[in-house]
Amino acid sequence: MTLPLVHLVPGPVEHGVVRHALGVHPHLGEAELLRCDRLDELPDDAVAGRVVVAQVTDRLLASSPAQGMQVWHRVLRGAARVLVVLHDLPQRSDGRHRRARSQLYASLAASADTVVVASAHERLLLAAALRWARPDAARAVLGRTVVAPLPVEPDTDAAPRPPSPVTRSQALTIVTLGFVYPGKGLEEVVDAAALAAQDPRLEGRTIEVVNLGGASQGHEDLLEELAVRARDRGVRWHSTGYVPDERLPGLLATATVPVAAHRHVSASGSVATWLAAGRRPLLLDSRYARELDARLPGAVQPVSADRLAPALADALVRACSAEGTDPTWLPPDVRLGPTWGEAGRLVSELAREPAVSVVVPYYRDQEMLDLLVDRLGAQRGVLGGLELVVADDGSPRPPRLPAAPHGALGRIRVLRQPDEGFRLAAARNLGLRVTTGRVVILLDGDTVPEDGYVAALQQACRVRPTLAVGRRRHADLRGEGRWPPTTELPAPAWLAEGYAQTQDLQVADDTSFRFVIGAVLGVSRAVLDTVGGFEGDLTGYGGEDWEFAWRCWLAGAAMQHVPDAVAWHDGPDVAGRVDGTAAGLSGVKNAETARLARLLPHPLVRGRGWTYPQPDVVVRLDVRGWTHGQVVLAVESVLRQGDVGVWLTGADETAEHAVHDPRVHLGRPPAEVVARARAEVLLQRPVWVRRLPWGPWPAHVDAPELCCETWTDDSASGVQAQVTRSSGLTRLQGAPPGPCWLSAEAVEPIPSGVVVEHWRAAHP
């Protein structure tokens, strides 16, 4: 079902972000404009079921960055597809606000299906925010981040160029444009203007610095500060306040020298406005200034900060002279761009990518693929478009697929990998990497969906970050030769019991990964980005779906069984496909368990007492300044807690004895190890850990709110513990973080002069 766009534009009409959005809007095609002063004014689920283009800067979301993400989740919940255009990205000049803004922008980008920024420089700023705040999703999000430069189109209403040089009776004006805020560089312009005024060539001329625009909200005090600074340096300065659109062209044309001196500009609407008016501004040198100069040769004049004063003096002198060309006006051969139309069409095309992607791994079974494609074409109720990606696992001949859209199916693509044995996980990843949908659905090549299958999984996965599993039924599809099948084969009873016991996974827990079947799976884009797909090194039949579900659960995904999402598997369940003996089934399942044991540390898969490089609980000890005895005993205390891996930071020769154990390592734990562990514990001081909030080899590692007596907000114990799923719920679902410290009763301080054998005698 094709949906019109909703163009979500918060903010007052005079704000630069809003002006940009309103300029783009007529070129988005069929699009509804949704306006508000601030996003937190909109109701819950304001755009549910819609395809959304959202123009975002943090100050237009809510009163603080912390509230901004809560508002975003509330308003955008249930959207079919989301493209976010980010403005004013966080950078070093934000000072103490940078961490909060970086967290917000990283979360915004990770929650969207496509991200648009206005410069390559902004993409680098986003990369820095993602790698700090969301390293798990950084690579995936940057892979779908598109640079769409700000439109720079000649203004047909621009005032004409003055016919003659500035006369002696006229004041020479150095003009900046836009809101006044910290980092705008106005102090540098005032100082440079004062130095330029001392140039003998300008003797007797009146020089004035003018800002076209008022103060940004909360920074009104800067106007007086700048006035005092200018007065102290013998320079006239004033700010015009808000300039109506009808007056702006004349003011831009009569400026003697246009200047943009932002210290940390990421993409500048004011520079684009100067260029549209035919002016060639002096632009303080920066990465963005150099990028703009390379993209639009001759359009700007980048100058270093220490050369701003002489550059201003030269420009003022040239403006007073009848000789030569005024360098503050664009030469006729300069090409500007993109146009507003080009910018709007690019955003529109990106926003209208399919909202749902179906990935089908394939191996030499054209008959079933034909049926599957036919039934995907018959899907009903899918919001925002449907694409199919077929991932061929090395078939002797490539699959045949329709060359054009097929019913409900839009784009159809085929990707291939070489035949290196049974590599279902790798084939799925091959397809996942090119998908665009906010919801991604997996179907095995021998599993055919009923007509409401995709819509049912889409509904489950677009409301919140979710891993959803459909209902797999069994029939002899080839033998029947008709659709839908009329004779059903038995389905596994244990799976139905599992769904019943967990209320269709609404009360899922650490053991519920067992009820996830990769053949009928749906996953939200935000979840997929966080976990990064399937474990591609797993080969052989079975297990890759459990391992994937395990990481999704730990990452904070909601889990849901969707009985209405029905797909038919050709043939019986695995129990009916092996040789029919207990040994045949046990051989298949035991091989699967052995493959998974190194990656999935839950005792149901790994058992108890075994040691693998992947632990169930990661423990970090910052042992700087600890004595040998403190290191040995602290490590020993946590190794008693079950399936634990230990990493020591700040270690010296005192830790040599401890690292002889294969469970103990130097340095920081790898991110992929932490992602598969159920908890991470940090010892910040030398203590003997009597107990963790869960017992050794637990069935469940519970969140703090479920075992309150062991957790506290008090850091007196020096032991911080984070349940991986609780952290994931905060990151993906916006859940508030709970307490994260062990109670003081759970630990015992180890003195620096401890005698290890005496301590062990007292702590059997």
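Reader: Which residues lie nearest the centre of the largest cavity?

Author: This is a predicted model, in which local features need pLDDT of at least 70, side-chain atom pairs count only at pLDDT 80 or more, and totals for chains, interfaces and linings use all residues. Residues are numbered from 1 along each chain as its sequence is written, and side-chain values use heavy atoms, with hydrogens and water left out. A cavity is a set of points, on a 1 Å grid over the protein atoms alone, where a 1.4 Å probe fits but cannot get out; lining residues have an atom within 4 Å of a point. Here, His 20, Val 85, Val 116, Ala 148 and Val 347 lie nearest the centre, among 14 lining residues. Helix H1 (16–24), strand E4 (81–86), strand E5 (114–117) and helix H12 (340–351) each give two or more residues to this lining; helices (H or I, at least four residues) and strands (E, at least two) are DSSP runs numbered from the N terminus.

Reader: How much space lies in the largest cavity?

Author: A volume is the space filled by probe spheres set on the grid points, which are joined across faces, edges and corners. The largest cavity holds about 100 Å³.

Reader: How is the packing of two helices described?

Author: The angle between the axes and the distance between them describe two packed helices. Axes are lines fitted to C-alpha atoms, for helices over the stretch in contact, with angles from 0 to 180 degrees between N-to-C directions. Helix H19 (residues 544–555) and helix H25 (residues 724–733) have axes that come within 6 Å and cross at roughly 70°.

Definitions and conventions. On a 1 Å grid over the protein atoms alone, a cavity is a set of points where a 1.4 Å probe fits but cannot get out, and a pocket is an open set with protein on both sides within 12 Å along at least five of seven lines; lining residues have an atom within 4 Å of a point.
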